[in-house]
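This report looks at a few residues of one protein chain and asks where they sit and what lies around them. Please keep the sequence and the structure in view while reading.

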Amino acid sequence: MNNNLSSTAVIYAILSINSEISLQKEYLDQTDIDPDERENEEDILGDLEQALMEFIELYKLHLKNDKQLPSLEELLNSEL
């Protein structure tokens, strides 16, 4: 991933992906999902979680350089 992304871009990516993960989990909590569709949706959730982890690692680099950014915990507890 490009380390030249601005901290603002990384923050918005984290917030967006984190929100999408919440929606995906809500969807998967439904009991009336076809098994094939469930498997596909679980794969999507896994991909989203992996993307979030990658952006979190990138954000940690930004945090080292800019102490005025919100903490990672604060960011993850925020909603769009």
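In which helix is Q24 found? The model is a predicted one, and in it Q24 belongs to helix α1, which covers residues 7–28.

Q24 has a relative accessible area of 7%, and because buried means under 20%, Q24 counts as buried. When its neighbours within four places in sequence are left aside, the residues in contact with Q24 are E41, I44, L45 and L48.

## Other positions in helix α1

S19 also lies in helix α1, where its relative accessible area of 29% makes it partly exposed. Between S19 and L45 there are 26 residues in sequence, while their C-alpha atoms are 12 Å apart in space. For T8 and L45, which are 37 residues apart in sequence, the C-alpha to C-alpha distance is 24 Å.

A13 is another residue of helix α1. Is A13 buried or exposed? With a relative accessible area of 17%, A13 is buried, because the value is under the 20% limit. The C-alpha atoms of A13 and L28 are separated by 22 Å, although these two residues are 15 apart along the chain.

How many salt bridges does the structure hold? There is one, and it is formed by E57 and K60, whose closest N and O atoms are 3.3 Å apart. As a general point, side chains of opposite charge can pair when their charged atoms come close.

Both E57 and K60 lie in helix α2, which covers residues 35–65, and they are three residues apart, or about one turn of the helix. E57 has a relative accessible area of 43% and is partly exposed, and K60, at 37% relative accessibility, also counts as partly exposed.

Which residues form the negative surface patch? The patch is made up of D32, D34, D36, E37, E39, E42, D43 and D47. One of its members, E37, is found in helix α2, and its relative accessible area of 33% makes E37 partly exposed.

## E79, in the segment after α3

E79 is found in the segment after α3, the element that covers 72–76. Its relative accessible area is 75%, and E79 is therefore exposed, since exposed means over 50%. In sequence E79 and S22 are 57 residues apart, whereas in space the distance between them is 10 Å, taken from C-alpha to C-alpha.

Notes
Residues numbered from 1 in each chain as written. Predicted model: local features only at pLDDT ≥ 70, side-chain atom pairs only at ≥ 80, totals over all residues. Heavy atoms only, no water. Helix = DSSP H or I, 4+ residues; strand = E, 2+ residues; numbered from the N terminus. Buried < 20%, exposed > 50% of the residue type's maximum accessible area, 1.4 Å probe, protein only. Contact = heavy atoms within 4.5 Å. Salt bridge = Lys/Arg side-chain N within 4 Å of Asp/Glu carboxyl O. Patch = residues over 30% accessible without salt bridge, like charges linked within 9 Å, V, L, I, M, F, W, Y side chains within 5 Å. Areas by Shrake-Rupley, 256 points an atom, 1.4 Å probe, with all protein chains shown as cover. Lys, Arg positive; Asp, Glu negative; His and termini not counted. Charge placed at Lys NZ, Arg CZ, Asp CG, Glu CD.
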